[in-house]
Structures are given as C-alpha cells and as structure tokens.
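Biologist: Could you walk me through this model with a few questions and answers? I am new to reading structures, so please take it step by step.

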Amino acid sequence: MWEMTLASLNEILGYWWLIPLGVGLGIFVGAVPGFSSTNVLIILLPFTLGMESGAGMAFMASLYSGSHMGGSIPAVLFNVPGTGAAAATCFDGYPMTQQGRGQEALAIAFAASAIGGLFTTMITLGALPYLSKMVYYFGSIENFVIILFGVALIAQITGGSMLKGLIAGMFGLLLGAVGYDHVYSVPRATFGLVYLFDGMPRVPAIVGLFAISEAFSMVEKNMIIDASKLSDALKEGWQGTKRGLVITLKKMGAVIRSSLIGFVVGIIPGAGATIGSFVSYQQAMSFSKDKEQFGKGAPEGVIASEAANNGLTSGSLIPLLTLGIPGGGTAAVMLVVLQAHGVPIGPRLFQVMPQLAYGVVVAMLVAYIVMIIMGVPLAKSLAKMSFFPTKVLAPAIISFTLIGSFVARGYLFDMWIALFFGVLGYILKRTGYSPHAVLLGVILGPLAEQYFLRALLLGNGNPAILFSRPLGNFLWVLLVLSMVLPALLARFRNRKTVQ
Amino acid sequence: MKRKGFSAAVKMICCVLAWVLVIGGAAVSWAEYPSKNISVIVPTGEGGAMDRVVRAVTNVWKDYIGVNFQSTFHAGASGEVGYMLFSKRPADGHTLLAGNIAPEMMMYVLQEPDFKFPDDFVYFACMDSDPAVLWVRKDGPIQTIQDLVEEGKKRPVTIATSRFPHPSTLAALLLAEATGAQFNIIPYGGGNPARTAGLTGEVDAVTTFLSSSLDFASDVKFIVMFQNENKWKDISRNAPTPKEALGIQMPEFGGNRAWAVSREFREKNPEEYTKLVDSFRKAFDDPKLQDEWKKVGMDPRFLEFKNEEESMKMAQDMIETAMKYKEILKGKK
C-alpha cells in the first residue's frame, strides 16, 4: 500500500500546479452562495474531460475539498451559508463575528476544516479497500436513525423556549413535506407550481432563513459587530488568527471526533455533508459542558460543523472508488470523467489502475495541506469584510444571495422562495422562534421521511423493521444516550456540587 | 409655456429603436435554422445514463447541425419537471428534450401532468434500445428467477426500482401476477440508490435497465430479461426471457432514449424540422458515434435508430400499456 501511495504521490507531484488551482477555485466557489462543487464541476466538465484521468480527478478532488472550506467564509462573516453543509457553521460562527471575533472564528473554521480533512484523508489512504465494506452495513434504517440525530437538534436549539422551538421545528417539517411524495409521486402542497414538484428548494430556503432575514435585521443597526466590541476588533492584528489556531489545537479531540462523524456519514451513499455537519453539531452540543454557549458563539460549534463537513469529503469518495457507486452529486460528476476515460470503476479499479484510486486520495491529502497554507493566513484579511457598514452589506448580501438562489437550479421562482424565507426568518426572529429549527425541519424532514418510508416498505409496513438490524439498533441506543446521558450527567454534576 | 408632446430628439430615438427592433426581429426570423446554440432539457439528474448519452450524441451531432448543444438537468417528479419546462419553451426548435420514452410515458399516464402528448411535442428519433432486467447479487442466496419466484411464494421478496412509473417496475409486477409470487417493490428515487440497495443486500433483487447495471456486471447476476428474445446474450451472460425461464409470455419492457421537439415547430417549420431530423440521422450513422458512446461508458450494442413514426408508436403503445396496468402501478391492486 505504501509503495502505491508513494507512486501516487510521485504522479500527483506532476500535477502539483493543479491542486492549488483547484483549492483556490473551490474556496471561491464555496464562498459564493448557490454555487456548489457539483454545479461548478459540471460547468468545467469540458476542461476536466480534456485532461488525463489522474489530472482531472486530482483537480476535482482539490476543488471539492476547497469548496467545503470556502463555505465557511460567508457563513461566519455574514450568516450566509452557501450550502446546507455550512448552515451549522452559522450557528456559532456568525455570533462570534458579531462579538468582534470574526477573525478568530475564520481561523478556527479553516484550521478545523484542514486538520479534519487531513485526518480522515489519511485514514482513507491507509484503509481504502477495507472501508468499502462499511457501505454494506448502512441501509435505509441506519440512514433514518442517523438523520434523527440531526432532527434531535430541533429540541436542543430552541432559542430559549422549548415550546417555540418545537413549533418552529414542526413548521419546518411541514414546509419540508412540500413536493411529490417519495413512493407514489403524489403531489403535496405544490399548488401546481412545477418548481415545487421536487420539494422545497434547499438553497433558497437556507439563504432566505439565514442570510436575507439577517440582512433585514442588519439595517436596524449600523454595523454587524456590537458597538462595544468594534474598536477592539478594528485594532486587532494577527491575534485573532493566533487565538483561533490555539483554540483549535487545544480542542483537537473535538476536531478528531467531528471529522470522524463526518467521515462515517460520508461513506454512506446519499447521506451528504448537510447531515454530517448537523449530526456532528448535535453530538458536540450534547456532550459539551458549556452547552448554553452553543448558538451564542461557541468555538466548539464552528469546529463541529467544519471538521465534519471536511472530514466527509474523503469518506464520500470511498463508495465511488471501491464500489463504483457515486454517493453524491460531486461523485456523480467524477464518475462521468472516469467513464469518459474508460477507467474501470468499482473493485476492478484497484486491480487495473490502483495508482489512480490512491492518486485521488493523495491529491486530496495534498489539497488539505495546501488549504492550511492558503486558507489560515486569509482569516485576517477576510475578517475585515465584517467592518463594512450595514448600509453597504445588507443590499450586497440580498443581491448576492438572490443570485445564488437562482444559480442553484436556474429558476427565477427560487428568488421569490428565498425572499419568502427571508421575510419568514425575520418574523421568526422578532417573535422569538428559532429559524434554525425551521431550517432543520425543511432540510432533514424530507430525507428522514424518504428513509423512513423506504424502511417501512422493506418491512411490509411493520414498524418493527426499524429495530431489526444490529447496526440500526446500536445507532438507536446511541441516539437515546446522546439525548438522555447529557441530562443525567448534568444532574449528577449538580448533585455533586450541592453536596 | 411648456411644450406639449415629445421633442424631436426623443422622436428620432424612438424611430431608430423601432427600426432596430423590426429589422433585428426580421433578421432573427430569416436567419438560417439553427441560429443559436440548441438547449437540451434532460428530465433526469446529472451524472446518470441520460447525461452520458446526451454528451456522446451531441459531440457528434454538433458537427452536422452546425451549432453547439447546452444541456440543463431538471430532474424531479419522475421527469415531470423537465417535461413541463420543455412544454413552456418557445416553439422555435432551439430547445430539445432528451428523454426515455417508456418511463416518461408511464409518468404521463400515472401523474396526469399539465402538458399534452402528442399535442405538445413529438419524439423525432430514438437512439437506443435498453431492455429491462431483474438482477440479484452474485453471492446472494437467490441465484435464478425460479429461486426468486419460489421465495416470493413463501414471503414477499423485496425488489428495488428507481421509481414506480418505470417499465422495469411494471415488468416485475406483471411477473409477480403471472407467477403468484409476492414482490414488494421499493422505489429508491433513482437508479444509483436502487443499485446500491441491491449491491449491499438491502433488497433481494433489483429491476432496472440492462445498460445501467453493466458497471457492476462482475458482482451481479441477471436472472431474467423482459424481452421475447435476448439480443444481448453476451453482455447479460445469457439471462433468460420469462418464456425461457418460466414458460410465461409477457409484453416486452425496456427503455428507448429519444429526442423530442415541439410539435408546433414541426408543423410550422417543415424545412427546419427536416434539417434537424436529417442532421441527427447523419450523426447517428457516423462511426464516430460508436467511439463517443464507448467513451461515456455505454455499450454500442444498445444503439438502435428509430424514426419519428416508430418512436411515436412506441410512446403510444407505452401509454396504452400503462393505462391497462394503471391500478397496479398506483399500488391500488
């Protein structure tokens, strides 16, 4: 295996110039709302198809990794998650910016992204053929339980009132039910609008609830940053970056745990980065001693989301490389390139062209090293964008996010959806309901429903099927423990303190 | 005193603008077809078999028609989203649809969408023929169609499909009806998730098109091909037909990837329509197409040309079949 890794590294060094290019483009693409690595790779297909297969895959893997890091920039600075994967980063990243800690938050996001990605890529490199077996253990039941970890967040991020949080979550689940049902294709609440047939569009919902609603709130004040923290933030040199790096290194356990959660979710075909980052955030919040700080600017929240969505990237390549199953949109585009070059996919890839399979992972490894070098020093300069007055930022955010809403699917209708969610988000905030809970319902509701219905169909309608598989049962136990154990531990600690 | 009306300068600008619009519009309408790139609506997601096929064909076709093609993917509601958007595009021949006749005509019958077939568009050419098959894991307990039917008589066997409105789903349901076996059809919302469920053993079998499962051919066994005669014996490794395996005569089920254009364009612009169709035929007959087909991982043995008349007949036949088994497909029977 090591000979293969070295041979792949040697080959990848031949394309060294492509990796920073891919990472740079990925960071840019990730930072622009609405663009994703998938739709950019589709646009660039003529370019990648014209390259050698190894070079094309190295470029795509670099762009894919960079895009997850790039997604954290607008999420942290402006509460603008370009994709679902960066939504959980907003929960704590943006409050940190409001407290004048934008630079620190960005440094944490970049470092956690790069270290988390690097760590799981090394695991992938060491155990690539063996990890493929994991895919066989995850079916509809297991996927359903994993999504429930994310849904459980609704009860945890209630924003003060449990009742209001649950109402918001239920409302989100209802909105998420819009579209054709997953079994018999029966339309639900589409009002005959073709743009809603495939469900509530994700990107407009995300940018509307978070970014546009925040832009509406911004115009009520002059700056994003609290007035009391502004002068300190303006004077800050590299201290924020240093603090961010130190915090990330101190919380290395959280980085490793979150990246592993992302990695496992990544291996499951179809699960995706959004689920990975929400599950990781839920776990970090459940087992944190300072859970009250989550949602108010906890560095652990940024680490949880960013380490998970970058830990996921190498995991998501495993089903593609080892079984020939594209686990998501980006992997599907990679599959097109592999097929265009006549590369055998699945188990035969390791027999016929092992250097290509390992080469993709090595390219990702190099990309994460490049990301540390390229990304972390950018935190200081990028954080300065949060110093712009809101009269400049708010219209810019609304314009960019509306364009982003359009770009994702190419429908003007999606811009109206984004505005609808923007107004909704603003009203929710003003009335003390959690927009985060609504978003969780909109994003995770359809996924949970899909896997739940499929599991029920597999069991001929008998719900006992949900408890029929060992791994599924293990995950159920973990889910219950993650909900109950923190409360029990807190009670135990309180009792100890009283005594 | 204020002057009434528009100034001479404004009037002049208006006249120039009107002239530009009239002449410009006329120039566009007189321009030789196609006067701009052709937009292709694909009613399935990117990265799938249709994406690959469209890429292969348009790489050759562009040389014969003289313009480039730009694909956009509008998956959703079993293809309804793509068809609805296609039906709303201008009928100028610059928007085509690349679809799969059988599943999408089934969608038309089951979901009763707002577009009208054959009033709104015509399938002007078919480019391949892809039979529906049932496959199982090579190392699984079920190895033949007889095993599957026997097992289906003891318990409901689970069969993954991409979606309910699909010819392979109907084929499996009719096979169950003919044999008395219980087939529990599980729609996975796409070919890739359905195949994954089959490979990971979540389901007992998968029903799909043959071409889309060839990537996994070394891991799976094709146990029945829903055709009267197996014309793909080598690549399906002698998968039997229902008649050969079980003595059952069934209708043939499969997919035919085809091109569609607005009927209004066809009726009002016969010369342009002929140019479109002829250029496709030339591209199809070009040996380069076989290379392009191979490049995207498809087997050229699936290539099969059908003209407008044959394609439209296939669509009408599929509508009749879907109407006949509508209740079964809606899960009401």
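This is a predicted model: local features need pLDDT of at least 70, side-chain atom pairs count only at pLDDT 80 or more; totals for chains, interfaces and linings use all residues.

Biologist: Which kind of peptide bond runs from B:Tyr33 to B:Pro34, cis or trans?

Modeller: Most residues other than glycine have a negative phi, and most peptide bonds are trans. For the bond from B:Tyr33 to B:Pro34, omega is near -10°. That bond is cis.

Biologist: What is omega for the cis peptide bond that joins B:Phe117 and B:Pro118?

Modeller: Let's find the place to begin with: B:Pro118 lies in the loop between α4 (101–111) and β4 (121–128) of chain B. The bond joining B:Phe117 to B:Pro118 is cis, and its omega is about 5°.

Biologist: What is the phi of A:Asn460?

Modeller: Moving to chain A, A:Asn460 sits in the loop between α23 (435–458) and α24 (470–498). This residue is not a glycine, yet its phi is positive. The value is about 55°.

Biologist: How are α7(A) and α16(A) oriented to each other?

Modeller: Two packed helices are described by the angle between their axes and the distance between the axes. Helix α7 (residues 87–98) and helix α16 (residues 299–323) of chain A have axes 8 Å apart, at an angle of about 140°. An angle over 145 degrees would count as roughly antiparallel. The angle here is about 140°, so α7(A) and α16(A) are oblique to each other.

Biologist: How many charged residues are in the contact of α7(A) with α16(A)?

Modeller: From α7(A) come A:Ala88, A:Thr89, A:Asp92, A:Gly93 and A:Met96, while the residues from α16(A) include A:Pro299, A:Val302 and A:Glu306. Sorted by class, this contact has 4 nonpolar and 5 polar residues, and the number of charged residues is 2.

Biologist: How does α7(A) lie relative to α11(A)?

Modeller: Helix α11 of chain A spans residues 202–218, and its axis comes within 12 Å of the axis of α7(A). The two axes cross at roughly 20°, and the crossing is right-handed. The angle therefore makes α7(A) roughly parallel to α11(A).

Biologist: How many nonpolar residues are in the contact of α7(A) with α11(A)?

Modeller: A:Ala87, A:Cys90, A:Phe91, A:Tyr94 and A:Gln98 of α7(A) meet A:Phe210, A:Glu214 and A:Met218 of α11(A). In this contact 1 residue is polar and 1 is charged, and the nonpolar count is 6.

Biologist: How does α2(B) lie relative to α11(B)?

Modeller: In chain B, helix α2 (residues 49–65) packs on helix α11 (residues 287–295) with the axes 8 Å apart and an angle of about 150°. The angle therefore makes α2(B) roughly antiparallel to α11(B).

Biologist: Which residues of α11(B) make the contact with α2(B)?

Modeller: On the α2(B) side, the residues are B:Val53, B:Ala56, B:Val57, B:Asn59, B:Val60 and B:Asp63. By class, the contact has 6 nonpolar, 1 polar and 3 charged residues. The α11(B) side gives B:Lys288, B:Leu289, B:Glu292 and B:Trp293.

Biologist: How much area do chain A and chain B bury between them?

Modeller: The size of an interface is often given as the accessible area lost when the parts come together. Here the contact takes 36 residues from chain A and 41 residues from chain B. Carbon and sulfur atoms account for 60% of the buried area, which comes to about 3100 Å².

Biologist: How many salt bridges does the rule find across the interface of chain A and chain B?

Modeller: Over all chains, the count comes to 30 salt bridges. One salt bridge brings together the side chains of A:Arg430 and A:Glu220 at 2.9 Å, N to O. That pair links distant parts of the chain, 210 residues apart. Across the interface of chain A and chain B, the number is 0.

Note on methods
Residues are numbered from 1 along each chain as its sequence is written. Chains are lettered from A and ligands numbered from 1 in the order in which they are written. Side-chain values use heavy atoms; hydrogens and water are left out. Axes are lines fitted to C-alpha atoms, for helices over the stretch in contact, and angles run from 0 to 180 degrees between N-to-C directions. Helices (H or I, at least four residues) and strands (E, at least two) are DSSP runs, numbered from the N terminus. Angles under 35 degrees count as roughly parallel, over 145 as roughly antiparallel, 65 to 115 as roughly perpendicular and the rest as oblique. Contact means heavy atoms within 4.5 Å. Ala, Val, Leu, Ile, Met, Phe, Trp, Tyr, Cys and Pro count as nonpolar, Asp, Glu, Lys and Arg as charged, and the others, Gly among them, as polar. A crossing is left-handed if the near helix is turned anticlockwise from the far one by less than a right angle, and right-handed if clockwise. Buried area is the accessible area (1.4 Å probe) that two parts lose on being put together, summed over both. A salt bridge is a side-chain nitrogen of Lys or Arg within 4 Å of a carboxyl oxygen of Asp or Glu.
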